[in-house]
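Open the structure in your viewer and keep the selection tool handy. We will go from stop to stop, picking residues and looking at what is there.

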Amino acid sequence: MAAKKEAVDYGALRRALQAEGPKRVYLLYGAEDYLQNQFAADIRAACLSGGGEDWNYHRLDGPNVDLGALEEAVSAVPFFGARTLAELWGFDLNACKAADAERLRAVIEDIPDYCTLLITLPAGYEPDGRLAVFKAIKKAGGALEFTAQGQNQLMTWIARRFAALHKSVSRAACEQLIFMTGGLMGRILPEIEKLAAYVKSEEVSLEDVKAVAIKFPEANVFEMGELIAGKDYAKAAAVLQELLDMRTEPIMILAMLGRSMRQLYTARLLLDRGQGIQELMAELDIRFEFIARRLLSGARGFDAETLRAALRRMAEADLEMKSGRSAEGAALLTELLLSFAVEHVR
């Protein structure tokens, strides 16, 4: 079973920050960069609320950092304010050399009470949990992973954002917007603003979202899996061509399609055991019930053996792409799609 990642309760984090004040160290990471950046701004405001931002705020950027400058920033006594804030952005924690990692760990374990060190990693970057630096931050209670929010929280947030722009939105439209963007707020927000400007009626509909919002590659690949399940290979080929026209790397398309087919295989196995939505959501750590419904529906178009054969062919295509035929990635994907069609016809 996939390890379930609980979505960070952003409201609870803000309340704790306001009630208890800033911790000495934070590490913010994960796919949900919108909430990550929001909480970084909250920490900044809490640390510098007493004034003295020009003297008490220190920011260092980049995958490599001058640890001497970081040590100076952390040890700087606040001036015209109550607290010093040192921010480290875009640092490659996993690539930190052993000596530097030990030095950084020592800095983290000896941060003065008047200082907060905020380390913010790029979206999607996941630190190695075995690192001593990560363990030190986690021990201090400051390691926070920002993942996609749950369905109810996200749909409520979408409705509020539309309401702020004097629009309402149907449930089906919310679900489609979540599907097309992968459920990440940083992707959803510009689409909400675009839809509010485009749609003339009071309510934003499912058709409006399909017509206006950008569909990210993951959503296209998911739909390709559904089309293959429904034996609509012409449309599946059209989706593949659309992805290639968007300059999506063939190896990335194959990786996403492989994930989608593995999800369908899991759904098929659960169906064969008489299980359904709740078991699938738990098994694959799916946050959105409508996605689980779509997977189960798609899985009904296959039997388990067909999906096992498809996964074997995808593994072979992956090996070919990585061992000499990477320049023929588009052709390999087309061959793969044709093999699905042949298998389904039998």
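**A patch on the surface**

Start by selecting Trp55, Phe79 and Phe80: together they make a nonpolar surface patch with about 370 Å² of accessible area. Areas come from the Shrake-Rupley method with a 1.4 Å probe.

This is a predicted model, in which local features need pLDDT of at least 70, side-chain atom pairs count only at pLDDT 80 or more, and totals for chains, interfaces and linings use all residues. Residues are numbered from 1 along each chain as its sequence is written, and side-chain values use heavy atoms, leaving out hydrogens and water.

Trp55 is partly exposed, at 46% relative accessible area (buried is under 20%, exposed over 50%, partly exposed in between).

**The cysteines**

How many disulfides are there? The count is 0, a disulfide being a pair of cysteine sulfur atoms within 2.5 Å. Select Cys47 and Cys115: their sulfurs are 8.0 Å apart, too far for a bond. Cys47 is buried, at 4% relative accessibility. Next, pick Cys96, whose nearest cysteine sulfur, that of Cys115, is 18 Å away. Cys96 is also buried, at 18%.

**Colour by confidence**

Finally, colour by pLDDT (the predictor's confidence in each residue, from 0 to 100). The protein averages 90, and 97% of the residues score at least 70.

Definitions and conventions
Buried < 20%, exposed > 50% of the residue type's maximum accessible area, 1.4 Å probe, protein only. Patch = residues over 30% accessible without salt bridge, like charges linked within 9 Å, V, L, I, M, F, W, Y side chains within 5 Å. Salt bridge = Lys/Arg side-chain N within 4 Å of Asp/Glu carboxyl O.
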